[in-house]
Structures are given as C-alpha cells and as structure tokens.
Amino acid sequence: MATFGRANAPIVPSEFGEPFPIDTHVLFHVHNRLESGTITKQLKNSAVIELDETDENQELINQSNGVVIINYKHMKKA
C-alpha cells in the first residue's frame, strides 16, 4: 500500500504539546487512578508514555505493554 510520502512526514505537536518534550516525566489519570510515566514520543494532540511500574498498576502494565497514549490536556509535569 502506498503512503505517498506521509510515512516520513514529521509530527509537529500542537501548542498544548510544546511544554511536554520527549523524556518529560508526567502525571495523568487512567481508569480514575493517578499514574506517572515518561514521554517517549510526541504526537500532534497526545503523547506515547512509558508507564512507571508500581505494585498497584501491574494489570495496566500487562494490558497495555507498559505504554499508554494520553492527550496533552490530560497530563501535567511531575
């Protein structure tokens, strides 16, 4: 399937993503629980976050392979 050059197009984060560069430690809620993690990739309106492993979030880590995608508006710097 042709991608017509889109596969190499850089992803530019929105204005909400500017304060959250890669390797920023952030806090956010998943299933009404406060979680934390580190941004590994910026997307336009959200970021891929590698979860910090705790005793309480083992099920979430197993279900999500240790990463989640969270909208910039729903996170704050730790």
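Among contacts (heavy atoms within 4.5 Å) between residues at least 6 apart in sequence, 43% join residues at least 24 apart in this protein. The model is a predicted one, in which local features need pLDDT of at least 70 and side-chain atom pairs count only at pLDDT 80 or more, while totals for chains, interfaces and linings use all residues. Residues are numbered from 1 along each chain as its sequence is written, and side-chain values use heavy atoms, leaving out hydrogens and water.

The protein contains five strands and one helix. Helices (H or I, at least four residues) and strands (E, at least two) are DSSP runs numbered from the N terminus. Their order along the sequence is β-β-β-α-β-β. The C-alpha trace spans about 45 × 30 × 20 Å along its principal axes.

Of the 78 residues, 33% count as buried, meaning under 20% relative accessible area with a 1.4 Å probe and protein chains only; over 50% is exposed, and in between is partly exposed. Leaving aside residues up to four places away in sequence, Ser-46 touches Ile-69, Ile-70, Asn-71 and Tyr-72.

Now the surface and the charges. The protein exposes about 5,700 Å², by the Shrake-Rupley method with a 1.4 Å probe. Carbon and sulfur atoms supply 51% of that area. There are 7 positive side chains (Lys and Arg) and 10 negative ones (Asp and Glu), with His and the chain ends not counted. The centres of the two sets lie 12 Å apart, each charge being placed at NZ of Lys, CZ of Arg, CG of Asp or CD of Glu.
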